[in-house]
Amino acid sequence: MATIDRVEVLVTSPGRNFVTLRITTSDGVTGLGDATLNGRELAVAAYLEEHLAPLLIGRDPARIEDTWQYLYKGAYWRRGPVTMTAIAAVDVALWDIKGKVAGLPVYQLLGGRSRDGVLVYCHASGSDVESLLDDVAAYREMGFQAIRAQAAVPGLSGSYGVRKGAFYEPAATDRPDEQVWSTEAYLDFAPSYLARVREKFGFGIHLLHDVHHRLTPIEAARFGKSVEELRLFWMEDPTPAENQEAFRLIRQHTTTPIATGEVLNSIWDVQTLITEQLIDYVRTTVVHAGGITHLRRIFDLAALYHVRTGSHGATDLSPVTTAAAVAVDICVPNFGIQEHMGHTRETYEVFRGTPRLENGMLYPSDEPGLGIEYDDEAAGRFPYDPKYLPVARRLDGSLHDW
Ligand code: GCO
Ligand code: MG
């Protein structure tokens, strides 16, 4: 029997920070798992290095389910983003190893393809409506069939979801950037620019919008109602989802489909949302929700209740997550859509072998395992660069959800 011989926690910053777990077996097979928790990276790195790595040495790498239970139940302390991201990294690395040992891509181990490719959505944004429309046109030109649209709210400094440089994802070095938020201004403005996108591009594209946890349930209900005739693919995170019951109220008022779950990390965090059919898409993701093993469990529960999948896939999730997500997406019967922002050239120098993107669809690699190679030499050129996500304050200075 092969055993786990070596466990390495690799931190690099090729354009943004990534934590990667690499497990090597006594047979010399290696597996990769993403362990990136944006803005809190080193907490997961320490959890892996100090608490999980010593437990993994000498274990049978083939026992994925047992290892998952051992780490989850063994922690005693349940759930939470740090724990679930660390367990996810171990889980995904072990699936990668299992695929390499079997000589099969991971999606074959999960039951094989249910579809030819994975529909993805990209992010279009603009500092005003005209530049948003130009951005949507550019993504159409690239072949994307599903587009998320976000524009900066006039009069407010900084808006979530609006790209600054080549890639969106604001991050500041010393202290979080402070942004200003007004629900009234947003509610007056957002439906009008989404309508402009529909006017210009018609109903032949899937149009998505991220509310980013900014509204109360009744405000979200009003927003959903006001955009009903635009037939959004979804409104995302209309209200913070820690309070799952809050979605009952939104549901009573609008037929606009609802997606949530990118910050949630276990099946228990989405149980009410799914079993009461309060959402249409569950956005939990491989890296933050306990890996392939646990995500499958969430998606299977969702399938029973007509909830489809729509996993988070921002740039702060590494290409290892993209590969693992696509492996799951291509198999599950209730797949909905996959977020895909892509990465910088530097990131692809470190993580080689990302899934193929064509006409707005991702296709998994047919290499054994996940098909991603980690280039240590390239990674060494990009040292860790601590960053914070922004915070948002209302006009009176009080903190709002970012
Ligand atoms: C999305 C998300 C992200 C998050 C980011 C936080 O829908 O893609 O909301 O952009 O803000 O992943 O780290
Ligand atoms: Mg989001």
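Buried here means under 20% relative accessible area, exposed over 50%, and partly exposed in between, computed with a 1.4 Å probe on protein chains only. The model is predicted, so local features need pLDDT of at least 70 and side-chain atom pairs count only at pLDDT 80 or more, whereas totals for chains, interfaces and linings use all residues. Residues are numbered from 1 along each chain as its sequence is written, chains are lettered from A and ligands numbered from 1 in the order in which they are written, and side-chain values use heavy atoms, with hydrogens and water left out.

**View 1. Protein donors of the magnesium ion (ligand 2).** Asp210 (OD), Glu236 (OE) and Glu262 (OE) lie 1.9 to 2.3 Å from the ion, donors being N, O and S atoms within 2.8 Å of the metal (3.2 Å for Na, K and Ca), and the site may look incomplete because water is not among the atoms. Their spacing in sequence is D-x25-E-x25-E. Because aspartate 210 lies in strand S7 (residues 206-210) and glutamate 262 in the loop between strand S9 (258-260) and helix H9 (271-275), the pair ties together parts that are 52 residues apart in sequence. Aspartate 210 and glutamate 262 are both buried.

**View 2. The buried face of helix H5 (residues 129-141).** Helices (H or I, at least four residues) and strands (E, at least two) are DSSP runs, numbered from the N terminus. Val129, Leu132, Leu133, Asp135, Val136 and Tyr139 are the buried residues of H5; seen down the helix axis they fall within an arc of 160° (taken from the directions from the axis to the C-beta atoms), so they line one face.

**View 3. The two ends of H5.** At the start of H5, a side-chain oxygen of aspartate 128 comes within 3.4 Å of the backbone nitrogen of glutamate 130. Glycine 143, with a positive phi near 100°, follows the helix.

Technical notes. Polar contact = N/O pair within 3.5 Å; in protein donor to acceptor, adjacent residues only side chain to side chain.
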